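Work through the two exercises below with the sequence and the model at hand.

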Amino acid sequence: MTTHADDIEQLCRRLREASAAAAYEAMDRRGNMSTSLRALVADALCVGPAYTVLAPAGWGDEIIRAIDDAPAGSVIVIDIGPEGEACTWGGTGTVVAQRRGIAGVVSNGRIRDIAEIRRARFPVYARGTIVSGWSRGRTGNAGVPVSVGGRVVHPGDVICADDDGIVVIPRDEAAAVAVRLQSRLHFEKNAARIVGQGGRYADVAAAKPA
């Protein structure tokens, strides 16, 4: 019998062959985060279930715990509230997270050590960069709903992000979105075939499912 976890894993497998734009279309054009958050490592695809972190702006305790505790394959999603001008990620965290198999990070704050992170090719999405670090001594929460990029993200919701943007897929919709994604990928493959055979843009549009 198919379980919720099976549905999420199947969706993640399909998303790893897709894109954020395809995920957005499969979500019936829903789920996209604000464009104020952007890819800071180019040409990277980030897919996985959300491991959510609610952290006080400027304090790294909860983020450090997440780096050590988040399951392999997950995307750490960090909410520091409305104060976006604070560090939420850096080079040392990247080394540990990448070694542990974390898929990437989405944050409504900022990051530093961007050159090191880019050399590691670790997917990070945030407001931008910052030179300051964080302090220790204030805890937050993990595994709770967070608000990032104008979207509420629950633990286990599926994240798909690339250079175009970030899409959140509610975990309860994983099975249905996986079906629609398969249809979308079939259309994209067919569109490439039409263009490759000299077809017009109008021919591609005519082949698009209603």
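Two exercises follow, each with a worked solution.

This is a predicted model, in which local features need pLDDT of at least 70, side-chain atom pairs count only at pLDDT 80 or more, and totals for chains, interfaces and linings use all residues. Residues are numbered from 1 along each chain as its sequence is written, and side-chain values use heavy atoms, with hydrogens and water left out.

**Exercise 1.** Describe the surroundings of T52.

Step 1. T52 is found in strand 2, residues 46-54; strands (E, at least two residues) and helices (H or I, at least four) are DSSP runs, numbered from the N terminus.

Step 2. T52 has a relative accessible area of 0% and is therefore buried (under 20% relative accessible area, 1.4 Å probe, protein chains only).

Step 3. Beyond its neighbours within four places in sequence, T52 is in contact with residues including V77, N141, V144 and H154 (contact: heavy atoms within 4.5 Å).

Step 4. V144 is 92 residues from T52 along the chain, yet their C-alpha atoms are 6.2 Å apart. A polar atom of the T52 side chain lies 2.7 Å from the backbone oxygen of V144.

**Exercise 2.** Which order do the strands of the open three-stranded sheet have, and which strands stand at its edges?

Step 1. The order is 4-6-8, with parallel pairing; two strands pair if DSSP finds at least two bridges between them.

Step 2. Strand 4 (87-89) and strand 8 (128-129) are the edges: each has a single partner strand, so one side of each lacks a neighbour in the sheet.

Step 3. Strand 4 pairs with strand 6 (residues 110-111) over two bridges. C87 has R110 in strand 6 as its bridge partner.

Conventions:
Buried means under 20% relative accessible area, exposed over 50%, partly exposed in between (1.4 Å probe, protein chains only). A polar contact is a pair of N or O atoms within 3.5 Å; within protein, one must be able to donate a hydrogen and the other to accept it, and residues adjacent in sequence count only if both atoms are side-chain atoms.
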